[in-house]
Amino acid sequence: MNHDLHEKLRLMAKTAMMTALICLLTATLHIPSGHGYIHLGDAMIYLAAALLPAPYAIFAAALGGGMADLISGYAMYILPTMIIKSLLAGTCSLIGGSRLCCPARIISALICCVITTVGYWITEVLLYQGDIWAQFWITLPGNLTQSIGSAVVFAVCAAALDRLPHRTV
C-alpha cells in the first residue's frame, strides 16, 4: 500500500476514534445541571488536539460534541456546542506542547475552561433571554466543574500515554 495513503487512512481512523470517544464520554457519562450537563468529553477534545493535526482535532471536537447533544436531547445546543468545541480543539492545537502532558498543554486546557464558561454563558443568554448576570451565575458552577474536571482527566490520560515505551497512539 502506498505510504501516503496508509498515513492518511491512519489519520482518518484516529480522527474517527477520537470523535467517537468525545461523543461517548459526553453523552453517556454526564450529570444533568440546569440547562445542560457536566461531562468528561472535553478531556477527549484536549487529547484529540494533542494527538491529531489541528483540522482533524477540530472536526472530531465539533462532530463528537454535536452528536452528543443530539442523542442526549439537547438539540438546541448543537450549533453552539460545535462552535465552542471547535474553539477548544483549536486553542489546544495552537498552543501545543512538546509532549502530550506538559505545562503548555495544561495551560491550554485551563484557557479552555474560560472559553467553555464564556461560550455557554453567551449561549444561555441567547437561548433563554434572561438577565445576563443571572445567567452567568447560574451556569458558572456547572461549566467550571466540567472544564476543570476535564482538564484533570486529560492530564492523567496524557501523562499515562506519555509513559508508553513507544508512543503508538
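Helix α2 passes helix α6 in a right-handed crossing; a crossing is right-handed if the near helix is turned clockwise from the far one by less than a right angle, and left-handed if anticlockwise. The model is a predicted one, in which local features need pLDDT of at least 70 and side-chain atom pairs count only at pLDDT 80 or more, while totals for chains, interfaces and linings use all residues. Residues are numbered from 1 along each chain as its sequence is written, and side-chain values use heavy atoms, with hydrogens and water left out.

**Helix α2 against helix α6**

Two packed helices are described by the angle between their axes and the distance between the axes. The axes of α2 and α6 come within 7 Å and cross at roughly 45°. Axes here are lines fitted to C-alpha atoms, for helices over the stretch in contact, and angles run from 0 to 180 degrees between N-to-C directions. The helices themselves are DSSP runs (H or I, at least four residues), numbered from the N terminus. The two are therefore oblique to each other: angles under 35 degrees count as roughly parallel, over 145 as roughly antiparallel, 65 to 115 as roughly perpendicular and the rest as oblique.

In this contact (heavy atoms within 4.5 Å), α2 contributes residues including Asp42, Tyr46 and Leu47, and α6 residues including Ser150, Phe154 and Leu161. By class, eleven residues of the contact are nonpolar, four polar and one charged. Ala, Val, Leu, Ile, Met, Phe, Trp, Tyr, Cys and Pro count as nonpolar, Asp, Glu, Lys and Arg as charged, and the others, Gly among them, as polar.

Buried means under 20% relative accessible area, exposed over 50%, and partly exposed in between (1.4 Å probe, protein chains only). The cover over these residues includes α1 (3–27), α3 (54–72), α4, α5 and α6 (132–162).

**Helix α4 against helix α5**

The axes of α4 (residues 78–95) and α5 (residues 103–128) come within 9 Å and cross at roughly 160°. That makes α4 roughly antiparallel to α5. Their crossing is right-handed. Among the residues in contact are Ile84, Lys85 and Leu88 of α4 and Ala104, Ile111 and Ile115 of α5. This contact comprises twelve nonpolar, six polar and two charged residues.

**Salt bridges**

Side chains of opposite charge can pair when their charged atoms come close. A search of the whole structure finds two salt bridges, each being a side-chain nitrogen of Lys or Arg within 4 Å of a carboxyl oxygen of Asp or Glu.

| Pair | N to O distance |
|---|---|
| Asp42 and Lys85 | 2.7 Å |
| Arg99 and Asp162 | 3.8 Å |

Asp42 forms a salt bridge with Lys85. Asp42 lies in α2 and Lys85 in α4, so the pair ties together parts that are 43 residues apart in sequence. Both Asp42 and Lys85 are buried.

The other bridge joins Arg99 and Asp162. Arg99 lies in the loop between α4 and α5 and Asp162 in α6, so this pair ties together parts that are 63 residues apart in sequence. Arg99 counts as partly exposed at 44% relative accessibility, and Asp162 counts as partly exposed at 25%.

**Gly149**

Gly149 lies in α6 and, at 25% relative accessibility, counts as partly exposed. Gly149 and His39 are 110 residues apart in sequence and 8.4 Å apart in space, C-alpha to C-alpha. Not counting residues up to four places away in sequence, Gly149 touches Leu40 and Leu144.
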